[in-house]
Amino acid sequence: MSRVTVPGPRRPREDVLSKLQPVVTKRWLSPGAWKLDVYEQLDGYKALRKALGYAPADLIAFMKDSGHRGRGGAGFPVGMKWQFVPDDGNEHYLVVNADEGEPGTCKDLPLMMNDPHAVIEGIAIASYAIKAGRAFVYVRGEAVHAARRLRQAVKEAKEAGYLGKDILGSGFDLEVVIHSGAGAYICGEETALLDSLEGMRGQPRLRPPFPATHGLYQKPTCINNVGTIAAVPHIVLGGAEWWKSIGSENSAGTMIYSLSGRVNQPGQYECSMGTTLNELIELAGGMEDGHELKFFTPGGSSTPMLTAEHVDVPLDFDNVAKAGSILGTTALMIYSDSDCPVVACWRWIKFYAHESCGKCTPCREGNYWMVRVYERILSGEGKHEDLKTLKDACGNLLGRAFCGLGDGATSCVTSSLKFFEQDYLDYIEGNKQPLFDAAEIGAH
Amino acid sequence: MSYPDTIREQAEAVVARYPEGRSRSALLPLLHLVQSHDGYVSDDGIAFCADVLGLTKAQVQAVSTFYTMYKREPAGDWLVSVCTNTLCQAKGGQKIFNALSDELDVGHDETTADGKVTLEHAECLAACDYAPVVTVNYEFFDDMDEAEALDLVRQLREGKRPIPTRGAPLCTLREMSVQLAGFEEERQSGLEGNAQGDATLAGARLAAEAGITAPAFDPGAPLVEKEEAK
């Protein structure tokens with residue numbers, strides 16, 4: 001079923017190959033790395049031993065110095081997030097967001113399946129730094145193999161003294177619970193995740209107060225993405241200067257770029273921050289035969305799409321922002337001239353309509369009605385004013401929704417209208433075969 | 001309400017995972033647990049969760065209906081999910097769904113007449129690098145086409161258990177629900193399974209073959225300057 005095209009006939013040039021930086025993905029090549037004994041042979045738990053030799057405040061200062069930023073999409077400085085948790089001796093928590101599910105994202109799943117102990121070791125270090133005695137990993141429900149290997153890793157780590165009471169004789173205690181969700185994209189939003197973890201519907205909370213002071217059970221809580229956490233042991237071993245030496249300005253370290261779509265070898269390519277799409281496509285063996293790049297998402301469906309004119313933009317936090325989009329989760333969905341941006345947006349908006357939690361009107365109604373407008377356009381019944389309606393709907397969503405899900409939904413609509421208005425007009429003006437029969441789908 | 005003692009004992013173990021006084025956190029795992037017994041979230045299951053956690057049935061139902069993995073009708077042993085989101089659709093996901101729908105004579109979230117297979121279209125399954133993907137009880141069958149998907153469901157209906165591309169050897173949806181409730185995988189073969197594939201390893205393999213490694217470092221170098229260290 002899987003195609004083998006690596007290294008393939010079109011081997012990347014040496015200077016492009018040198019963008020590869022296997023750090024977080026390196027152990028994936030060892031099929032047994034999910035077992036403790038193999039993990040230990042591959043530098044496992046050395047970073048925890050090292051970290052426990054420092055005071056928690058020093059670790060926070062170190063993490064700030066490393067320039068490490070969150071890998072879950074927002075890119076928030078990790079050390080600063082750790083510092084926000086009050087050091088007052090009261091109950092507080094670390095919560096790890098492993099609810100990967102945005103269209104395009106596919107890097108956390110292989111990470112958790114192949115290197116679960118890196119997640120557990122990162123949790124132990126982070127919890128020690130913020131003095132949390134309990135940590136929860138909220139794993140997407142469908143990610144069953146990730147969850148079973150994480151549970152096994154917790155069990156093994158506990159038996160070996162890396163978790164539990166008095167970890168490695170440090171006096172530090174930590175319990176870790178792997179908590180499976182039940183199918184809801186919104187639970188990747190950090191406050192919805194907290195509500196879900198408390199046994200409620202996963203709906204976002206009003207902020208302020210922020211989770212740093214009123215998080216899980218209304219106690220101070222640090223929420224980190226699972227990819228952010230898994231990089232921590234590597235950074236502790238390598239040092240702040242080492243991590244910064246790999247990335248670009250304001251974007252320290254490596255990033256797992258997830259390529260999917262019309263390339264010869266889709267997959268996970270861990271490179272230094274700031275690698276361009278052109279370089280990544282070359283690493284992925286080039287575009288599929290007969291396909292020319294038309295549009296791509298730099299970081300999942302909630303980041304504005306970019307086009308062939310952006311292939312040389314360094315994909316790091318600052319440069320993608322300058323190009324008018326968001327680095328997000330570096331989930332690069334690559335679409336060609338055989339893919340229609342209007343159809344793509346219709347399907348994404350259907351996703352957001354399905355996943356909207358229903359709490360706020362702009363998101364619940366806006367996405368519902370945008371699906372209808374898209375279906376009218378795609379069934380050949382669209383009118384020119386439909387484009388204005390879509391823009392209006394986005395205007396009423398962006399910045400007015402209760403959380404980022406609603407904001408994110410508008411990204412594909414506004415960016416596709418900016419770059420590909422003609423594709424919409426082709427359906428409206430009858431120059432393109434309708435995708436469906438208006439009567440069949442009940443377009444209104 | 002008639003649940004065996006084993007379910008009650010498991011329910012207690014679930015509640016014990018969460019801090020004192022925070023038992024409601026056990027609700028999602030408990031809903032998976034009752035699904036492991038009934039094959040869906042039944043009225044009895046809702047009453048059971050409410051009873052264990054001291055909630056009202058309305059509170060439990062409000063939660064169970066929010067999440068797609070809790071089934072409202074009895075599901076088959078094999079939950080076949082086809083991703084039809086944008087990337088998988090571009091690569092043929094919708095065609096796969098349509099072919100399976102015709103073959104099984106069921107639509108989305110419906111179960112075959114023999115009660116064996118439940119079909120659903122899924123939103124993104126976080127495997128775009130293996131598009132188009134199908135999962136059976138959430139184990140991956142990667143990079144499928146219509147013929148392979150048809151063969152897959154035919155084998156399931158014949159009582160065979162095809163080997164997933166990634167994930168563990170198949171167990172039934174009820175057995176999987178025990179794991180979703182937070183209990184460990186008891187099969188060594190399940191823990192082993194397979195987590196690798198060409199797309200997963202593409203970058204790491206390319207680097208290894210070209211002899212490329214990240215810059216070297218001194219693992220003993222201090223994290224903070226001596227005068228800063230406490």
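Start by selecting domain 1 and domain 2 of chain B: their centres, taken over C-alpha atoms, are 29 Å apart. Domain 1 covers residues 5-64 and domain 2 covers 78-172; such bounds come from an automatic or database domain assignment. Keep in mind that this is a predicted model, where local features need pLDDT of at least 70, side-chain atom pairs count only at pLDDT 80 or more, and totals for chains, interfaces and linings use all residues. Residues are numbered from 1 along each chain as its sequence is written, while chains are lettered from A and ligands numbered from 1 in the order in which they are written.

**The sheet in chain B**

Next, pick out the open five-stranded sheet of chain B, ordered β2-β3-β1-β4-β5 with mixed pairing. Strands here are DSSP E runs of at least two residues and helices are H or I runs of at least four, both numbered from the N terminus; two strands pair if DSSP finds at least two bridges between them. The edges are β2 (110-111) and β5 (139-141) of chain B, each with a single partner strand, so one side of each has no neighbour in the sheet.

Now zoom in on β1 (78-83) of chain B. Six bridges tie β1(B) to β3 (117-122) of chain B, and the two run parallel. Look for B:Val80 opposite B:Leu119, and B:Leu79 opposite B:Thr118. With β4 (134-136) of chain B, β1(B) pairs in the antiparallel sense over three bridges; there, B:Ser81 sits opposite B:Thr135.

Which way do the residues of β1(B) point? B:Trp78, B:Val80 and B:Val82 go one way, B:Leu79, B:Ser81 and B:Cys83 the other, and all are buried. Buried means that 20 or more other C-beta atoms lie within 10 Å of the residue's own, against 12 or fewer for exposed and partly exposed in between, with C-beta atoms placed from the backbone.

**Where the chains meet**

Show both chains and select the contact: 77 residues of chain B and 92 residues of chain A take part. Two residues are in contact if their C-beta atoms, placed from the backbone, lie within 7 Å. On the chain B side, α10(B) gives the largest share, twelve residues. Colour that side by class and you get 43 nonpolar, 17 polar and 17 charged residues. Nonpolar is Ala, Val, Leu, Ile, Met, Phe, Trp, Tyr, Cys and Pro; charged is Asp, Glu, Lys and Arg; the others, Gly among them, are polar.

**Over to chain A**

Chain A has 19 helices and nine strands. Its domain assignment gives domain 1 (25-245), domain 2 (247-336) and domain 3 (341-441). Select domains 1 and 2 of chain A, whose centres are 26 Å apart over C-alpha atoms. Here 19 residues of domain 1 of chain A touch 20 of domain 2 of chain A. The domain 1 side holds five nonpolar, ten polar and four charged residues.

**Last stop: the core**

Finish with the largest nonpolar core, 216 residues, in which A:Val95, A:Val96 and B:Val133 touch the most other members. Such a core is a set of buried Ala, Val, Leu, Ile, Met, Phe, Trp, Tyr and Cys residues joined through C-beta atoms within 7 Å. Helix α7 (116-130) of chain A contributes the most, ten residues.
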